[in-house]
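Please read the following report alongside the sequence and the three-dimensional model.

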Amino acid sequence: MLRLHPMVRLFTVMLTIATALLTESLIGLVPSALLVAVAVSFSGVWVSALKFIAFATMPILIALLLVWGVIMDPSDVPAPHRTGFAYALYFWLRVVVCGGALQFLLIPLIEHPANLKDFLDRTGLGGALGTLIISSLVFIPETRRRLAQVIDARRAQGHQVSGLNGLRALPTLLMPVVASLLESSVNRAEVWAHRGVLSRRNKLVIEDTYYSRVQGAVSLTLVLAVVASGKLT
Amino acid sequence: MNVKAIHGPNFSGRTRRLRAWVKLPNDPDEDVPYCNMAYVGPDPSSALSGIAPTVEAEFELMAADRSAATNARNALEDLGFGYCLTQNPFTLSGGEQTVVTLIAAMAGRPKRLAIDCTLEQLSADVRARLIAYLSHTDGEVMLTDNRLNEWHDGAVEDLMLAPATAPSTQLDEPFPLLPEQCELELIDLCYGYVRGKPVLHNLNLRIRASERYLLRGPNGSGKTTLSKILCGLLKPTSGEIRVNGQSVHPWKMPGRFVSYHFQNPDLQLFEQSVLRQLSQGEKVDFLLSAFGLNQVREAHPLDLPFVMRKRLAIAGSLARNTGLLILDEPTLGQDDKSALTGTSALLKGRSSLIISHSRRFDTLPTIDLTDLQ
């Protein structure tokens with residue numbers, strides 16, 4: 001299990017994403033992809049990462065291959081990519097690297113939210129920025145939860161929520177979801193700010209957490225090597 | 001800890017008073033200050049962090065330090081809800097969520113804790129033990145509850161506020177329409193969210209046509225689960241459901257035989273105005289008058305205060321005029337003058353199942369889930 005200091009983790013992820021975004025060749029992205037694969041495997045989030053690749057990025061890859069490999073003229077393919085398929089793969093790998101790196105950073109914080117306080121405290125990202133980070137982490141599960149509740153309520157009233165009738169009723173379904181999301185976001189922000197959850201130093205985690213210096217050094221060395229390889233290619 | 005109570009009818013300013021007491025602004029444009037205080041309203045889920053995957057993680061997140069987190073865990077176990085620690089706080093029943101939310105709030109060691117009608121979802125036993133827990137911790141607690149007269153034993157202080165100006169309800173007239181007679185029978189019904197941990201186990205029950213029943217049971221005993229099965233939102237693991245002697249599968253046609261009023265009214269409000277919300281059903285004008293909604297008939301349902309949203313959602317469930325009506329905590333947030341009671345004529349002659357911890361329904365025949373399994 002990785003025991004990386006939050007600053008090292010954040011620095012690694014930021015550099016990896018920056019390298020992926022600045023590297024212009026498919027080969028240049030491979031070291032970043034390998035680094036992300038190693039990080040994801042050792043931090044125990046590989047199941048989520050595989051799901052992300054399979055369900056979120058595969059449709060993107062298919063669409064990219066269709067557009068750049070079949071529909072677009074080969075002369076429109078940006079340099080230095082030789083074929084549309086290579087460009088599509090390059091674009092997809094960028095998404096995989098950036099998404100994987102973000103999962104490496106965020107999933108441990110979502111699964112163990114007490115670590116979030118430690119992370120925000122040690123990286124100095126508390127206050128308004130911390131609230132923004134938490135809001136973005138809360139958004140998807142909260143939307144899913146509210147949608148499920150509203151669908152249940154609609155079904156309980158005898159309305160169909162699937163098929164063509166369900167599609168027709170979509171506006172009626174979305175209104176309470178959006179309204180309750182807005183209300184709950186105000187309530188959650190109020191709870192976080194009012195109780196000072198982010199402004200307290202979380203002794204609970206800080207006392208217990210051990211961060212490995214060796215792992216930190218290895219991680220930084222690897223990410224710097226990836227940055228260098230991106231520059232070289 | 002010093003526990004005080006504010007006593008007053010709906011719209012007498014109790015919520016404003018409680019929020020001001022814990023220094024929460026009543027104007028949404030004002031910034032919320034950090035002052036190590038806590039407020040928990042009638043919907044306990046809105047006072048959860050929203051990010052913790054388990055109750056234990058919620059305590060760790062909200063705790064001031066390690067000992068506070070340990071105390072919170074111990075308190076939950078002492079109250080008999082230790083099994084909730086590993087569960088997602090949003091999958092808990094209303095009563096369990098109330099206990100978890102209040103203990104999580106206390107784990108932050110607040111100087112002041114305001115409890116706004118939150119205790120109404122608790123059984124008398126759990127409420128008494130929770131109050132005892134709160135009174136043995138540091139800081140101050142101020143609460144309001146529409147059932148203070150049911151459990152007020154002198155340990156709390158009453159502060160009467162200004163008289164209410166709320167539109168009153170007229171629930172003493174029967175609903176002019178009655179559905180087809182519906183007798184419901186449950187035979188060996190079982191259900192569990194997790195394999196090997198049944199919430200309902202071999203439940204046998206008969207709900208006679210035109211009768212009103214009070215469904216009782218401790219917090220977490222499966223009252224809401226049973227309602228969801230009857231309504232067709234959940235499919236029982238095994239057992240049979242019969243309507244007028246005929247075997248039926250409610251999960252194949254949810255909402256057909258049963259109209260279910262959820263604890264949280266907001267989930268049921270889909271339309272742009274109160275009038276449109278009710279016009280999907282029958283006898284709109286009668287319901288507007290009965291529930292005191294005439295003055296707000298053109299208002300957006302979600303702009304109404306909690307007490308009016310609750311009334312509107314109950315009216316909407318009644319308007320559907322189905323064979324069986326299930327009301328989950330219909331008196332939540334309602335004062336003595338406006339709440340339904342066991343003697344209210346509104347539900348007369350209608351097969352109804354009322355889930356409530358209030359003594360307002362003590363006159364009704366009781367179905368106790370713990371006795372039936």
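Chain B contains 11 helices and 13 strands. Here helices (H or I, at least four residues) and strands (E, at least two) are DSSP runs, numbered from the N terminus. The radius of gyration of chain B is 21 Å, close to the 21 Å that the globule rule gives for 373 residues, so chain B is as compact as a globular protein of that length. The radius is taken over C-alpha atoms, and the globule rule is 2.2 Å times the number of residues to the power 0.38. The C-alpha trace of chain B spans about 60 × 50 × 40 Å along its principal axes.

The model is predicted: local features need pLDDT of at least 70, side-chain atom pairs count only at pLDDT 80 or more, and totals for chains, interfaces and linings use all residues. Residues are numbered from 1 along each chain as its sequence is written, while chains are lettered from A and ligands numbered from 1 in the order in which they are written.

Of the 373 residues of chain B, 53% count as buried. A residue is buried if 20 or more other C-beta atoms, placed from the backbone, lie within 10 Å of its own, exposed if 12 or fewer do, and partly exposed in between. Among the contacts in chain B between residues at least 6 apart in sequence, 74% join residues at least 24 apart. Two residues are in contact if their C-beta atoms, placed from the backbone, lie within 7 Å.

**The sheets of chain B**

An open sheet of 4 strands has the order β1-β4-β3-β2 (chain B), with parallel pairing. Two strands pair if DSSP finds at least two bridges between them. The edge strands, each pairing on one side only, are β1 (2-6) and β2 (37-40) of chain B. From one strand to the next, the twist averages 15 degrees. Angles run from 0 to 180 degrees between N-to-C directions, and axes are lines fitted to C-alpha atoms, for helices over the stretch in contact. Helix α4 (residues 94-107) of chain B lies across β2 and β3 of chain B, running at about 170 degrees to β2(B).

A second open sheet, of 5 strands, has the order β10-β11-β12-β7-β13 (chain B), again with parallel pairing. Its edge strands are β10 (258-261) and β13 (366-368) of chain B, each of which pairs on one side only. Neighbouring strands of this sheet are turned by 20 degrees against each other on average, direction ignored. Helix α7 (residues 223-231) of chain B packs on the sheet and touches β7 (212-216), β10, β11 and β12 of chain B, its direction making about 150 degrees with that of β11(B). Helix α10(B) also packs on the sheet, touching β10 and β11 of chain B, and its direction makes about 180 degrees with that of β10(B).

| Strand pair | Direction | Bridges |
|---|---|---|
| β2(B) and β3(B) (residues 112-116) | parallel | 4 bridges |
| β11(B) (residues 324-328) and β12(B) (residues 352-355) | parallel | 4 bridges |
| β5(B) (residues 184-191) and β6(B) (residues 200-207) | antiparallel | 5 bridges |
| β5(B) and β8(B) (residues 238-243) | antiparallel | 5 bridges |

Individual residues can be followed across these pairs. In β6(B), Ile207(B) is the bridge partner of Leu184(B). Ile187(B) stands opposite Glu240(B) in β8(B).

**The nonpolar cores**

In soluble globular proteins, nonpolar side chains tend to be buried together. A nonpolar core is a set of buried Ala, Val, Leu, Ile, Met, Phe, Trp, Tyr and Cys residues joined through C-beta atoms within 7 Å. The largest such core has 62 residues, and those with the most contacts inside it are Leu287(B), Leu312(B), Ala315(B), Leu324(B), Ile326(B) and Ile354(B). Helix α10 (residues 306-319) of chain B gives the most to this core, with 9 residues. Not counting residues up to four places away in sequence, Leu287(B) touches Leu278(B), Ala315(B), Leu318(B) and Ala319(B). Another core, of 55 residues, lies apart from it and includes Trp192(A), Ala38(B), Leu119(B) and Leu134(B).

**Where the chains meet**

In all, 38 residues of chain A are in contact with 39 residues of chain B. The elements that give two or more residues to the side of chain A that touches chain B are α5 (113-123), α6 (127-156), α8 (170-195) and α9 (203-208) of chain A. The largest share of this side, 13 residues, comes from α8(A).
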